[in-house]
Amino acid sequence: MAEFRLTDLSKAATIDDIAELSYGRSLLNRVLVGTPARDDPLTHVVDLPARIAQFSGWPVWAAPAAIDALREVGIAMPWSHQVEAATLAAKGRHVVVSTGTASGKSVAYQLPILTELSQNPLATALYLAPTKALGADQLRATHDLIDADDRLADIAAIAYDGDTPGEVRKWARDNARWVFTNPDMLHIGILCGHARWSRFFRNLRYVVVDECHYYRGVFGSNVALVLRRLRRLAARYGADPVFVLASATTADPGAAASLLIGAECAEVTHDGSPHGPRTIALWEPPLLTEVTGENGAPVRRAPSSEAARIMADLLVEGARTLTFVRSRRGAELTALGTARLLAEVDPDLVSRVAAYRAGYLPEDRRRLEANLADGTLLGAATTNALELGVDIAGLDAVVVAGFPGTVASFWQQAGRSGRRGEGSLVILIARDDPLDTYLVHHPAALLDKPVEATVTDPTNPYVLGPQLLCAALELPLTDDEVREYGGWDVLSELAEQGLIRRRGHGWFVAAETKPHAEINIRGGAGMQVAIVESESGRMLGTSDAGRAHATLHAGAVYLHQGETFVVDELDLEDGVALVRAAEPEWTTMAREITDITIEDVLADRSYGKVRVALAHVEVTHQVVGYLRKLLSGEVLDAVELDMPVQQLNTRAVLYTVTPELLEHAGISEDRWPGSLHAAEHAAIGLLPLVATCDRWDVGGVSTALHRDTGLPTIFVYDGQPGGAGFADRGHAEIVTWLGATRDAIADCACFAGCPSCIQSPKCGNGNHPLDKAGAVALLDAVLGELRTG
């Protein structure tokens with residue numbers, strides 16, 4: 001009989017030991033049946049103990065109607081963190097509650113808001129969610145509470161978003177007590193026409209910002225300024241609302257929340273909710289020998305294929321399982337693959353697995369959730385996007401197919417597992433990515449570290465300028481307010497452009513300026529490209545023009561709510577991408593070439609033979625083609641494109657090394673380009689370890705001799721105009737970041753480089769030259785200088 005790793009990686013056990021294991025361990029062992037120890041994909045397994053509930057009594061300030069309603073919906077006694085946060089809010093303090101998934105964070109705002117609205121018939125409240133699904137879930141829960149007690153019957157809670165009919169919008173403005181919306185609608189539909197909302201603003205007592213860790217990068221910076229505008233207008237009407245923010249577990253949530261709303265926030269981080277014991281397993285698929293990627297590099301078995309096999313094994317054991325996959329198409333394929341495997345061993349189980357994706361109607365999602373809860377449905381595959389607004393918890397197992405981008409997201413997904421008091425299993429499957437490789441070989445970075453800090457930069461001039469125009473149109477800006485926003489330089493430039501002018505009592509927007517409609521607060525800059533299905537004329541969505549080059553070029557595969565389309569034409573002049581429905585067997589990845597010029601050095605420090613800097617840069621880049629890759633990772637072919645050159649003014653972190661350092665590290669001059677190139681690729685992949693970004697949010701350039709530095713140089717830059725704070729975070733955490741980059745390359749089992757370490761899916765040079773050993777030697781030398789300098 002083959003041996004299998006169980007309790008830890010230094011011990012081997014047989015399947016006969018299953019009975020003595022925890023439930024999570026026994027499930028893991030069942031999944032490993034048939035896998036010889038020499039092919040063991042596990043890199044780490046750990047058991048997390050159960051957590052006992054910590055209750056608090058209902059606070060004396062809470063209205064009996066609010067308490068009775070919460071009891072009626074099943075909350076007999078609140079947990080400690082719920083009461084702590086609710087009490088701070090009731091005392092008038094802004095507060096963020098940062099606890100785990102399924103820890104009942106909503107009670108922290110429901111209790112004070114229902115208390116205030118039941119005692120003050122004029123009081124109003126505002127709820128903000130980053131996704132429509134989450135907002136709909138919370139509105140439904142609020143209606144359940146209002147319906148649970150007649151004393152709450154006059155609290156009118158209503159959704160106000162892009163789908164709300166005109167007559168309902170008017171009723172909401174005139175009558176609603178609790179409005180559920182999103183930052184986009186707050187910006188364009190409420191603040192812009194605030195005079196029509198005077199009743200609501202005058203009586204505004206609470207603002208809820210749910211899942212606030214979601215607001216990061218340019219989106220987070222825009223939302224931060226939208227919330228400042230909200231506070232400013234509320235003050236204009238004589239209100240000073242209390243902000244209650246809910247967040248997944250993040251590093252320093254109080255500081256992040258304070259930056260987001262522009263006012264000091266208390267933080268509540270001690271989680272009083274219970275959960276059963278969890279087994280966490282880190283899983284690295286083996287390198288394939290029969291399939292190769294670009295330049296003959298080995299590739300790993302696709303995480304979606306691995307997830308389908310694992311989920312099928314778990315469902316055969318009767319374990320209710322939710323699998324998170326990074327793309328909608330991946331979720332569909334995982335569900336189909338699981339069903340196909342189940343058909344071979346237990347056909348009755350085929351109907352008990354489904355895909356669960358965005359685009360479903362609310363009633364479809366509710367039915368899926370109910371079916372999972374009562375066991376009618378045993379397994380579902382979903383996308384990371386649905387980690388928000390999914391009313392599913394208490395599962396036997398969660399499979400995460402590819403690291404979801406942040407540690408906070410990983411724990412939010414893992415938190416779906418664990419019935420009260422019972423064990424559960426969480427498996428993270430590494431994909432072909434340097435960050436995944438690093439995490440499965442350095443589990444402390446995932447399991448023990450404080451999770452990432454949320455990165456926002458409300459002072460980004462490219463974000464701040466349009467937001468200042470919106471603020472001035474809503475209410476003339478005073479000099480003190482401009483100083484508070486940190487926007488004097490930006491305001492001066494706007495004035496020079498004739499967009500804003502000074503009058504006797506403030507700054508006014510030029511009459512013809514309509515800034516609100518020009519801002520896409522979710523991150524796009526400049527013109528928007530409409531994505532249109534050519535046959536029906538249906539508009540599927542939009543993309544900012546800057547990203548369209550890489551994602552909507554002719555031949556690109558585009559995913560929309562589980563449906564797959566191929567782009568036939570991209571018309572940048574008219575801002576339209578025409579697509580058609582298709583089911584190709586491949587995905588596409590754009591290839592770009594990039595040049596970079598230093599405009600201004602913001603911070604600069606020498607460490608012996610290494611110099612580290614943060615700079616304003618001008619990036620010139622061009623999409624020159626794309627790869628078509630099969631789902632196995634095999635490269636089908638490369639297609640050339642003739643796309644216009646783009647320019648981007650942004651921020652970059654960079655470091656230079658001297659030729660002497662490279663020679664001392666044993667890297668001959670002919671190996672400099674490949675070593676620098678490989679280190680740059682891996683560094684881009686590892687930046688999300690210290691900054692809440694995706695590798696697609698940043699770019700990089702490496703050169704053996706850069707004209708501005710006169711030395712071998714590596715740049716990593718933000719992909720948004722003005723920067724999004726990611727390069728700044730890399731600069732601040734340079735040692736941690738480059739140390740992880742070095743380890744990810746060295747830990748990868750390939751010989752000369754592969755997508756799991758130094759190959760980049762968007763490299764315009766065809767991932768050539770790349771020198772894996774040279775990259776490790778280079779980073780060892782750089783880290784040596786950084787740590788001693």
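Begin by selecting strand 27 and strand 28 (residues 635–640), which run antiparallel and are joined by five bridges; strands here are DSSP runs of E with at least two residues, helices are runs of H or I with at least four, and both are numbered from the N terminus, while two strands pair if DSSP finds at least two bridges between them. The model is predicted, with local features needing pLDDT of at least 70, side-chain atom pairs counting only at pLDDT 80 or more, and totals for chains, interfaces and linings using all residues. Residues are numbered from 1 along each chain as its sequence is written, and side-chain values use heavy atoms, leaving out hydrogens and water.

Within this pair, pick K629, whose bridge partner in strand 28 is V635, and then the turn of the hairpin, where four residues lie between the strands and G633 has a positive phi of about 100°.

Finally, move to helix 7 (residues 183–191) and helix 9 (residues 217–236), whose axes, lines fitted to C-alpha atoms over the stretch in contact, come within 10 Å and cross at roughly 40°. Select P183, L186, H187 and L191 in helix 7, which meet V223, V226, L227, R229, L230 and L233 in helix 9, contact meaning heavy atoms within 4.5 Å.

Definitions and conventions
Axes are lines fitted to C-alpha atoms, for helices over the stretch in contact, and angles run from 0 to 180 degrees between N-to-C directions.
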